[in-house]
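Hi,

Here is the structure I promised to pass on to you. Have a look at it first, and then read my notes below.

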Amino acid sequence: KVYIDLYQFWTKVFADVHLIGDGVDKIGCIREFSTCTLNKTYQEQLNAQDEQTRTLKYEMISIVPPLEGLVDVFINVSLTPKSENQFEVSETAWNVYDDKATPEFKAELKEIQNNGAKCTYGDLATYLAQQSKQQADASN
C-alpha cells in the first residue's frame, strides 16, 4: 500500500508518517504524521476501507498542539478508475467546530486542507509516474 508504506518518500507535505502499534494497515489502525510547514503532530484512525470502491475513511484522533475551535475532522478519500493506468482522486473533509471557531478560522482551515490535498496527491501522481518509468527502463 503505497499511500502508507512510502508516504514520506513521495510527498513533501509530511515530515514523518508511521502507523502506531503493530504497524499493520487495517481498519482501526492509527496513522501519526507531522507536517513540514506547521509545528503540529496529527493522529488519524482508519475507520473504513473498501477495496472494491477504493475508498478510505479516516477520523482525526488528535492534533498536538490542538487547534482551538476544531472539535473533529472526518476524511473520505476515493480513487475512481478512469482508464487502466489512471485514477481520479477525491478527498472530502468534514470539520466539526465549537463556538470558539470564527468564520475566518473555518475558511483558513478549509484552504489549508484543500491545498494540502492538492500537493499530496500531485506528489503521489509524480511519484507513481517516476516509478512506472523506472520499471519500464529496467525492463528494456
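**What I found**

In the predicted model, aspartate 50 has threonine 55 in β4 as its bridge partner. That pair belongs to the contact between β3 and strand β4 (residues 55-64), two antiparallel strands joined by 9 bridges. The hairpin they make has 4 residues between the strands, and arginine 54 takes a positive phi near 50 degrees there.

Stepping back, the sheet as a whole is open and has 6 strands, in the order β1-β2-β3-β4-β5-β6, with antiparallel pairing. Its edge strands are β1 (14-20) and β6, each of which pairs on one side only. From one strand to the next, the twist averages 25 degrees. As a reminder, strands of a sheet pair through backbone hydrogen bonds, either parallel or antiparallel.

Strand β2 (residues 30-35) and strand β3 (residues 41-50) run antiparallel and are joined by 5 bridges. They too form a hairpin, with 5 residues between them. Within this pairing, glutamate 32 stands opposite glutamine 43 in β3.

Now to the charged pairs. A search of the whole structure gives 2 salt bridges. One of them joins the side chains of arginine 31 and glutamate 44, at 1.8 Å from N to O. This pair links distant parts of the chain, since arginine 31 is in strand β2 and glutamate 44 is in strand β3, 13 residues apart. Arginine 31 counts as buried because its relative accessible area is 7%, under the 20% cut-off. Glutamate 44 is buried as well, with 3%.

The other salt bridge is between the side chains of aspartate 22 and lysine 26, at 3.3 Å from N to O. Here, aspartate 22 has 53% relative accessibility and so counts as exposed, whereas lysine 26, at 40%, counts as partly exposed.

Finally, which residues form the nonpolar patch on the surface? They are Val71, Phe74, Trp94 and Val96, with about 350 Å² of accessible area together. The elements that give two or more residues to the patch are β5 (70-83) and β6 (86-97). These two strands pair in the antiparallel sense over 12 bridges. Valine 96 lies in strand β6 and is the bridge partner of aspartate 72. At 34% relative accessibility, valine 96 counts as partly exposed.

Happy to talk any of this through.

Best wishes

How values were computed
Residues numbered from 1 in each chain as written. Predicted model: local features only at pLDDT ≥ 70, side-chain atom pairs only at ≥ 80, totals over all residues. Heavy atoms only, no water. Patch = residues over 30% accessible without salt bridge, like charges linked within 9 Å, V, L, I, M, F, W, Y side chains within 5 Å. Areas by Shrake-Rupley, 256 points an atom, 1.4 Å probe, with all protein chains shown as cover. Salt bridge = Lys/Arg side-chain N within 4 Å of Asp/Glu carboxyl O. Buried < 20%, exposed > 50% of the residue type's maximum accessible area, 1.4 Å probe, protein only. Pairing = 2+ DSSP bridges. Axes fitted to C-alpha atoms, helices over the stretch in contact; angles between N-to-C directions.
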